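Subject: Structure handover

Hello,

Here is the structure I promised to pass on. Please open it and keep it beside you while you read my notes.

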Amino acid sequence: MIFKTDRLVLSTWQSSDWIALRPIASDAEVMRYITGGVPWTDERIQLFVNRQMELFLARGFCRWKLLVKPTEEMIGFCGVGFWGDELEAEIGWWLARRYWGRGLATEAARVALRDAFERAAGLDRIVSIARPANTASVRIMEKLGLKVECEFEKDGVRLVRYAIDRPASYTAPRFKTSSG
Ligand SMILES: CC(C)(COP(=O)(O)OP(=O)(O)OC[C@H]1O[C@@H](n2cnc3c(N)ncnc32)[C@H](O)[C@@H]1OP(=O)(O)O)[C@@H](O)C(=O)NCCC(=O)NCCS
């Protein structure tokens, strides 16, 4: 499964992709609002990639791998998955630091959100969770039309949850897709 935007390719994962994700998941700035800056271990990165492959097979969506045009370098991920042991589908995004501030996460998230509502599993509602201080992430939620729902605490960390119901206007895909 592949989606193309003006600047990005969103695609499914292969096990070996964990190696390209490693520099991102071990950058303390990227991990600042995820783990407090602690890098993920290689095992944790591999688990993440394997979970995305399983999720795509089971449900038809995942946190898509992001490749930047024209080089197709892997620069992060964006898409719907499950956050911790939460039961609701959750949209999230991570980008390599040098690609921040160009609107790329929003560009990817618009496609991932639309697909999750239209094609993937007919999801009726999608949430997004962040630390309130993660203003870039919260701003993306707002730009996508998610509305703030509540603040809560998990493992001693204060979090905010945004949510969006499937818009009635989401009826036909407007982006290019191809499979293979
Ligand atoms: C969150 C992240 C994916 C954003 O990527 P990005 O491509 O820079 O995001 P975009 O450019 O699409 O949008 C970011 C928005 O937040 C705004 N923003 C960014 N930093 C901000 C800050 N410190 N204060 C206020 N607004 C900020 C941008 O101006 C932009 O809004 P605008 O389009 O209205 O100007 C990126 O910072 C990242 O990978 N962070 C580390 C991983 C992470 O924390 N992921 C989210 C976990 S909940």
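Start with Trp-93, which lies in strand β5, residues 89–95. Keep in mind that this is a predicted model. Is Trp-93 buried or exposed? Trp-93 has 23 C-beta neighbours inside 10 Å, so it counts as buried. The cut-off for buried is 20 or more. Now look at what surrounds it. Setting aside residues up to four places away in sequence, Trp-93 touches Gly-76, Cys-78, Ala-105, Ala-108, Ala-109 and Ile-140. Lys-65 is 28 residues from Trp-93 along the chain, and their C-alpha atoms are separated by 9.9 Å.

Ala-89 also lies in strand β5. Ala-89 has 22 other C-beta atoms within 10 Å, so it is buried. Which residues does Ala-89 contact, leaving aside its neighbours within four places in sequence? They are Val-80, Phe-82, Ala-116, Leu-123 and Ile-126. Ala-89 and Arg-161 are 72 residues apart in sequence, yet 12 Å apart in space, C-alpha to C-alpha.

Next, the helices.

Helix α1 covers residues 18–25, and helix α3 covers residues 42–59. Two packed helices are described by the angle between their axes and the distance between the axes. For α1 and α3, the angle is about 120° and the axes are 10 Å apart. That angle makes α1 oblique to α3. Their crossing is right-handed. Which residues make the contact? From α1 come Trp-18, Leu-21, Arg-22 and Ala-25. From α3 come Asp-42, Ile-45, Gln-46 and Val-49. Sorted by class, this contact has 5 nonpolar, 1 polar and 2 charged residues.

Stay with α1 for a moment. Its buried residues are Trp-18, Leu-21, Ile-24 and Ala-25. Look down the axis of α1: these buried residues fall within an arc of 105°, so they line one face of the helix. What covers them? The cover includes α3, β4 and β5.

Now turn to helix α5, residues 135–144. Here Ser-137, Ile-140 and Met-141 are buried. Seen down the axis of α5, the buried residues fall within an arc of 100°, so they line one face of the helix. The face turned away from that buried side carries Thr-135 and Glu-142, which are exposed. Just after α5 comes Gly-145, with a positive phi of about 95°.

Then there are the loops, where the backbone is worth checking. Most residues other than glycine have a negative phi, and most peptide bonds are trans. Keep both points in mind for the next stops.

Go to the loop between β3 (63–68) and β4 (73–82), where you will find Pro-70. The peptide bond from Lys-69 to Pro-70 is cis, with omega near -5°. Glu-72 is found in the loop between β3 and β4 too. Its phi is near 65°, a positive value in a residue other than glycine. Is Glu-72 buried or exposed? It has 11 C-beta neighbours inside 10 Å, so it counts as exposed. The cut-off for exposed is 12 or fewer.

Asp-155 is found in the loop between β7 (147–154) and β8 (157–165). Asp-155 is not a glycine, but it has a positive phi of about 50°. With 6 other C-beta atoms within 10 Å, Asp-155 is exposed.

Last stop: Arg-166, in the loop between β8 and β9 (176–178). Arg-166 has 15 C-beta neighbours inside 10 Å, so it counts as partly exposed. What does Arg-166 contact, apart from its neighbours within four places in sequence? Its contacts are Phe-117, Leu-123, Asp-124 and Arg-125. Phe-117 is 49 residues from Arg-166 along the chain, and the C-alpha atoms of the two are separated by 5.9 Å.

Best wishes

Technical notes:
Residues numbered from 1 in each chain as written. Predicted model: local features only at pLDDT ≥ 70, side-chain atom pairs only at ≥ 80, totals over all residues. Axes fitted to C-alpha atoms, helices over the stretch in contact; angles between N-to-C directions. Helix = DSSP H or I, 4+ residues; strand = E, 2+ residues; numbered from the N terminus. Parallel < 35°, antiparallel > 145°, perpendicular 65-115°, else oblique. Left-handed = near helix turned anticlockwise from the far one by under 90°. Contact = placed C-beta atoms within 7 Å. Nonpolar A, V, L, I, M, F, W, Y, C, P; charged D, E, K, R; others polar. Arc of directions from axis to C-beta.
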